[in-house]
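Dear colleague,

I am passing on the structure we spoke about, placed just below, together with my notes. Please read the notes with the coordinates open beside them.

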Amino acid sequence: MDCLFCKIIAGEIPSAKVFENEWVYAFRDIAPQAPVHVLVIPKNHIASADGINPENSALVAKIFEAIPAIVKAEGLTNGYRVITNCGEDGCQSVKHLHFHVLGGKKLSENMA
Ligand code: AMP
C-alpha cells in the first residue's frame, strides 16, 4: 500500500520517534504548528476517523492510552490539544488515521 505513514512505521521513511508499542507509533510532525507537535498513529492502516469500526476501534483506545505517557514525556503538564482531520473538508492530507497532539504554549481558542 502506498501510504506515507505505513512507510514511516516500516522504517522506510525516517521519522523522529517519540513513542512506540505493539499497536501505536508516535513521531514529531515535520512541520510543527506548536512547540510540541506529535502525530500518534495506529500501526495497522486505518484511512481516517471514517474508517473506525467495531473490529478496529480497540486501536483507537490504544492510541488514547498512549497519549498520557507521550505528553508526560514531552513535559505538557499544563494541557494540550488532540485533533484528527478527516476527509476533504477536514483538510486531511495523509490518508492514515493520525491524531495531532499539540502543546507547549497557550493554544488558539479557535478550532475551525
Ligand atoms: P493532516 O493534514 O491532518 O493529514 O496531517 C498530516 C500531517 O503530517 C501534517 O501536519 C504534516 O506536516 C505531517 N507530515 C507529512 N509528512 C511527514 C513526515 N514525513 N514526517 C512527519 N510528519 C509529516
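Predicted model: local features only at pLDDT ≥ 70, side-chain atom pairs only at ≥ 80, totals over all residues.

In it, 5 strands form an open sheet in the order 1-2-3-5-4, and the pairing is antiparallel. Strand 1 (17–20) and strand 4 stand at the edges with a single partner strand each, so one side of each is left without a neighbour in the sheet. On average, and with direction ignored, neighbouring strands of this sheet are turned by 20 degrees against each other.

Turning to individual pairs, strand 1 and strand 2 form a hairpin with 3 residues between them, and these two strands are joined in the antiparallel sense over 3 bridges, with Phe19 having Ala26 in strand 2 as its bridge partner. Strand 3 (residues 36–42) runs antiparallel to strand 5, to which 5 bridges join it, and Val40 stands opposite Phe99 in strand 5. Helix 2 (residues 57–73) packs on the sheet, where it touches strand 1, strand 2 (24–28), strand 3, strand 4 and strand 5, and its direction makes about 150 degrees with that of strand 3.

The histidine is His96, which is found in the loop between strand 4 (80–83) and strand 5 (99–103). Although it lies in a loop, His96 has a relative accessible area of 0%, and is therefore buried, the cut-off being under 20%. Leaving aside residues up to four places away in sequence, His96 touches Cys3, Phe5, Cys6, Ile9, Ile41, Pro42, Lys43, Asn44, His45, Ile46 and Ala47.

Key: Residues numbered from 1 in each chain as written. Heavy atoms only, no water. Helix = DSSP H or I, 4+ residues; strand = E, 2+ residues; numbered from the N terminus. Buried < 20%, exposed > 50% of the residue type's maximum accessible area, 1.4 Å probe, protein only. Contact = heavy atoms within 4.5 Å. Pairing = 2+ DSSP bridges. Axes fitted to C-alpha atoms, helices over the stretch in contact; angles between N-to-C directions.
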